[in-house]
Amino acid sequence: MKLKLIYPKWKKLKGQTTFNLPPHGPVVFAATLPEDVEVSFTDENVEALDYDEACDLVAISMMLSTQVKRGWAIADEYRRRGKKVLFGGISTMLHAEETMEHADAVFLGESEGRMQEVIDDFRRGCLKRVYNYMTRQPAIEDVGPARRDLYKRHLYNHKGVQMVDLFHASRGCRFSCYPCAVTYLGGRIFRPRPMDKVIEDLASIDNNRLFIVDNSLAQNKQWEMDLFREMIPFKKKWISHTIEDDPKVLDLAAQAGAWYVYQAVYDTSNYIRERVKRYHDHGIGVEGTILLGLDNQSEDDIKRLIDFLLEIDLDLAEFTVMTPFPHTKGYDDYLRQGRIFDFDWDHYNAGQVVFHPKQMSAERLQELYEYAWDTFYHDESQEQKMFRLFTQVVMREMEDGTFRPRNRALANKSFGRDVVRHIKAS
Ligand code: B12
Ligand code: SF4
């Protein structure tokens, strides 16, 4: 049987980088399907969807709230054409009831070890309306290598430069931050994958550049250090969320190929200044993630924060506005306080204000968000800053002999050529 797997498109934010990362959830899900299911994958962010392509079952994978309306529209069209539609993924869990109105079946939870049942039900013509495994997570040992063969790789090159492949070494998170839905999704438990499985997955990735998408690597110091030690021989270069703030861990991370990290910058303290410096001292770049519009922030606080970001020499910054995503504490509070004025999920992209902030108007927060992007990238554009980070990684790859443009013809053009020229000049 043939399954058509779709990742619906969404609008990029104003300041977001123009390239697209390959989606992770769909290809990890695809690896959990029975072997006799043939999969055809479309990431609508990089290619058009062909509704006429033959298939038996349609599966829609949704990660963000800002994807769900598009996902529902796709499902409506397939169902009008007589196809059965199955939904799954993070935003299916966060918008389960509404999604059911557009689905033949919704799957809630992680799919490892569960898909034989769903496919058997489909074949027998008795798909259930809901498969709810939210509180019964599969054994973490059951997570296998992702089906990265499903990507059309050339669609994820940017100006001739090979982008990253996505990978995860753990699931869940033991923290519970105010704006985050991960507690609802994963039950506040950190679940590291066994090291042999991590290595098997890593070894199957034919790309020297990775994005380790784990929620936070700073959850168990011993595990984190073991992970980095195991990664050293692979000579990969990688991006990740936070790394433990400990010189021993940072040193191992650097040896394992840490390229740059996403690090929340939430105040103008010396701690943050020093934290960023410690990454830099280990040769690790920092992309600050900056959330604007929290109840404790005034206009002046936001402006001071932006000045501070320039002072501490962040490599990149990503600004988002506080967004009350469903199934977060923020959503519950703002809803109860009557502060949410916009329930159009297309606008839940973290770049559009959908609630009344405490210390300013919604319009003013929107203006400050624009001001933040414009100010931070005023003297050096995002493309230029990104270019600097790429230069660093290419230099390190050249040093350890792992530099290999995937497509030499492309790499000799524009961006790839510029990187090489820049390196030769310096
Ligand atoms: C990696 C990640 C990203 C990456 C995505 C890279 C990529 N190309 O995939 C990046 C960094 C780009 C990103 C960006 C953002 N992200 Co993000 N991200 C994540 C993160 C940490 C992990 C997602 C992941 O890959 N998990 C691993 C995979 C394997 O798990 P999975 O997708 O759940 O898939 C499993 C099941 O769901 C199931 N499944 C999946 N698909 C399907 C389909 C079917 C049919 C079935 C049956 C099953 C099924 O099978 C899989 C195996 O079990 C999650 C948090 C989390 N832990 O979920 C946040 C998360 C999804 N992100 C979130 C947010 C807020 C954002 C941002 C808006 C803001 C920000 N800066 O963080 C931006 C997006 C900006 C924009 N508008 O474009 C929120 C979502 C909120 C929402 N409701 O929209 C989350 C939940 C974190 C949070 N703060 O609460 N993110
Ligand atoms: S924001 Fe990060 S550290 Fe905090 S609960 Fe969410 S995933 Fe965990």
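**Strands and a ligand shell**

Student: Which residue in S16 is the bridge partner of Thr289?
Tutor: Thr289 has Glu318 as its bridge partner in S16; strands here are DSSP runs (E, at least two residues), numbered from the N terminus. This is a predicted model, in which local features need pLDDT of at least 70, side-chain atom pairs count only at pLDDT 80 or more, totals for chains, interfaces and linings use all residues, and side-chain values use heavy atoms, without hydrogens and water.

Student: How many bridges join S15 to S16?
Tutor: Six bridges connect strand S15 (residues 285-292) with S16, and the two run parallel.

Student: And is S16 mostly covered or exposed?
Tutor: Strand S16, residues 316-321, is mostly covered, with five of its six residues buried, meaning under 20% relative accessible area with a 1.4 Å probe and protein chains only.

Student: What order do the strands take in the open sheet?
Tutor: The six strands follow the order S9-S12-S13-S14-S15-S16 with parallel pairing, where a pair needs at least two DSSP bridges. S9 (165-167) and S16 stand at the edges with a single partner strand each, so one side of each has no neighbour in the sheet.

Student: What joins S12 to S13?
Tutor: Four bridges link strand S12 (residues 209-212) to strand S13 (residues 237-240), which run parallel, and Phe211 has Ile239 as its bridge partner in S13.

Student: New topic: which residues surround ligand 2?
Tutor: Ligand 2 is surrounded by Cys173, Phe175, Ser176, Cys177, Cys180, Val182 and Asn215, each with a heavy atom within 4 Å of the ligand. Residues are numbered from 1 along each chain as its sequence is written, while chains are lettered from A and ligands numbered from 1 in the order written.

Key
Buried < 20%, exposed > 50% of the residue type's maximum accessible area, 1.4 Å probe, protein only.
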